[in-house]
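The sequence and structure are shown first.

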Amino acid sequence: MQDLDILIVGAGVAGLTCSSLLLQHGIKPTVIEREEEKHFNKSGYMLGLLPLGGRVLNAMDARDAFFANSVQMEQYEIHKETGELVKGYPLDFINKQFGSYRGISRTSLIDILLAKSKQDTIRYGTTVKNMEQQTNGVDVTFSDGRSQHFDVVIIADGIHSETRKQILEDDEFAYKDTGWGGWVTWLDIDPIASYKEYWGAGSFLGLYPVEDKIGVFLGGPVDEIKKKGLTSFISEVKSNIADDFSMPNQALDSFNSKKDPFFWEFHDCRSQTWHKQNVVLLGDAATGFLPTAGVGASMAMDSAAALVDELTRMDKNHIPYGLTLFSKRQKKRVEKAQKDSRELGKMMFVDSSIISGVRNKLLPFYSLQQMLSDLTDVMEGE
Ligand SMILES: Cc1cc2nc3c(=O)[nH]c(=O)nc-3n(C[C@H](O)[C@H](O)[C@H](O)COP(=O)(O)OP(=O)(O)OC[C@H]3O[C@@H](n4cnc5c(N)ncnc54)[C@H](O)[C@@H]3O)c2cc1C
């Protein structure tokens with residue numbers, strides 16, 4: 001395995017996890033990244049990392065750095081749009097049974113992964129221009145004009161993967177759009193140990209703590225909220241919140257000081273097939289997630305670990321077989337987690353106030369384990 005020439009496309013969560021784990025096995029992959037180095041990992045957002053991801057950091061001996069740069073989540077709270085609590089779900093069943101469920105900024109996570117994956121091996125500002133599958137590997141031409149032969153190409157360039165289009169036909173992957181989306185920003189106050197969400201009719205406000213601040217998301221049906229604009233949408237959401245609930249008000253105010261906050265459209269993506277010959281998809285490029293269950297990064301890391309495990313058993317003459325085994329091992333598992341995030345999306349993204357009222361009455365009868373039953377199965381190894 002150590003003489004495999006591996007190309008990883010994309011230095012994101014999946015790509016860097018993969019390169020760190022490969023380095024542990026004595027193999028130095030080539031990693032390319034579209035962003036120029038001076039812009040790389042300069043801005044980011046909040047991530048909730050389940051033990052599915054945290055356990056992979058244990059494997060790369062990065063647990064101390066991870067814990068020092070993140071905060072354990074103890075509770076998940078769903079509130080009405082007025083601010084009133086509908087139900088608080090303790091996260092004990094995750095923290096005690098599976099491992100620490102932690103909030104971390106994407107910037108910190110990428111820094112931890114970079115430190116473990118020998119930053120000098122990354123070729124920034126580079127993409128794949130062309131790939132030709134040969135019987136013994138893949139001939140790759142890069143955007144800088146260079147060409148190189150690889151035994152394996154790992155496509156890990158995210159949910160909007162451009163490189164995926166070079167191996168899959170148009171009908172071999174599909175995006176699923178919720179019609180919802182929204183703005184993301186930071187609230188600079190000390191983090192709390194709870195995720196807080198405010199589910200309204202046509203609005204959604206989420207507060208997601210990381211190591212030193214709180215990530216804020218404000219969303220709704222894309223067409224409507226874009227027409228209204230951020231400022232008037234904030235006023236509308238604020239008008240529903242009772243004055244005694246200071247945190248959602250503070251979170252909404254945090255948008256005032258930020259120019260052009262990142263707008264995130266909520267769609268996910270599923271690729272029918274995860275590999276062709278010696279080229280394999282990984283992370284969001286294989287199966288991308290809605291934010292609802294907060295699981296995309298964790299599954300990307302879980303899949304990267306499974307892929308490296310299979311790569312360590314491969315020889316140059318049987319790479320497609322090894323990639324088939326990886327796909328069989330991981331694809332159903334990832335799609336199962338994706339199913340939960342889709343179901344949660346149906347509950348969260350509701351336009352009608354009647355349906356929202358019924359939902360709020362029913363929510364207290366559900367446990368988190370019931371709402372995340374497929375994801376719980378995945379964490380239990382099913
Ligand atoms: C606002 C927000 C909040 C989120 N919250 C959570 C959460 O709480 N929990 C969770 O688990 N997940 C969350 N996610 C999802 C999570 O970030 C993704 O699932 C995860 O990053 C997927 O990892 P990846 O490596 O596949 O893709 P990415 O991390 O997106 O990495 C892709 C990399 O490829 C690079 N790239 C793109 N195109 C090319 C190209 N053509 N050539 C070379 N390089 C390229 C990109 O610059 C990037 O560095 C969130 C996402 C967003 C946007």
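## Ligand shell

Helix α9 gives the most to the shell around the ligand, with four residues. The model is predicted, with local features needing pLDDT of at least 70 and side-chain atom pairs counting only at pLDDT 80 or more, while totals for chains, interfaces and linings use all residues. Residues are numbered from 1 along each chain as its sequence is written, and side-chain values use heavy atoms, with hydrogens and water left out.

Helices (H or I, at least four residues) and strands (E, at least two) are DSSP runs numbered from the N terminus. On that basis, at least two residues of the shell come from each of α1 (13–24), β3 (46–49) and α9 (296–311). The ligand is surrounded by 30 residues, the closest being Ala14, Glu33, Tyr45, Gly48 and Ala297; a residue counts here if one of its heavy atoms lies within 4 Å of the molecule. Sorted by class, the shell holds 13 nonpolar, eleven polar and six charged residues. In this scheme Ala, Val, Leu, Ile, Met, Phe, Trp, Tyr, Cys and Pro are nonpolar, Asp, Glu, Lys and Arg are charged, and the others, Gly among them, are polar.

Polar contacts are pairs of N or O atoms within 3.5 Å; within protein, one atom must be able to donate a hydrogen and the other to accept it, and residues adjacent in sequence count only if both atoms are side-chain atoms.

| Residue | Ligand atom | Distance |
|---|---|---|
| Arginine 34 | nitrogen | 3.1 Å |
| Aspartate 284 | oxygen | 2.8 Å |
| Glycine 294 | nitrogen | 3.3 Å |

Taken alone, the ligand exposes 1000 Å², of which the protein buries 89%. Accessible areas come from the Shrake-Rupley method with a 1.4 Å probe, and for residues only the protein chains shown count as cover.

## Helices and their buried faces

A residue is buried under 20% relative accessible area, exposed over 50%, and partly exposed in between (1.4 Å probe, protein chains only). In helix α2 (residues 51–59), the buried residues are Pro51, Leu52, Gly53, Gly54, Val56 and Leu57.

Helix α7 (residues 230–240) has Leu230, Phe233, Ile234 and Val237 as its buried residues. Viewed down the axis of α7, these fall within an arc of 100°, so they line one face of the helix; the arc is that of the directions from the helix axis to the C-beta atoms. An α-helix has 3.6 residues a turn, so residues three or four places apart point the same way. The exposed residues Thr231 and Ser239 are carried on the face of α7 turned away from its buried side. The buried residues of α7 pack against β13 (173–187), β16 (214–221), α6 (222–228) and α8 (246–253), where contact means heavy atoms within 4.5 Å.

In helix α11 (residues 353–362), Ser356, Arg359 and Asn360 are the buried residues. Their arc around the axis is only 95°, which puts them on the same side of α11. Turned away from that side are the exposed residues Ile354, Ile355 and Lys361. Packing partners of the buried residues of α11 are β5 (75–80), β6 (85–90), β14 and α10 (319–348). The N-terminal end of α11 is capped by serine 352, with a side-chain oxygen 3.2 Å from the backbone nitrogen of isoleucine 354.

## Individual buried residues

Lysine 196 lies in strand β14 (residues 194–199) and counts as buried at 16% relative accessibility. The side chains of lysine 196 and glutamate 77 are joined by a polar contact of 2.8 Å. Not counting residues up to four places away in sequence, lysine 196 touches Glu77, His79, Leu205, Gly206, Leu207 and Met247.

Serine 70 is 126 residues from lysine 196 in sequence and 17 Å from it in space, C-alpha to C-alpha. Serine 70 belongs to the loop between α3 (63–68) and β4 (71–72) and is buried, with a relative accessible area of 9%. A polar side-chain atom of serine 70 lies 2.5 Å from the backbone oxygen of phenylalanine 66, and a polar contact of 2.7 Å joins the side chains of serine 70 and arginine 102. Leaving aside neighbours within four places in sequence, serine 70 is in contact with Arg102, Gly103, Ile104 and Glu211.

Threonine 376, in helix α13 (residues 373–379), is buried with a relative accessible area of 10%.
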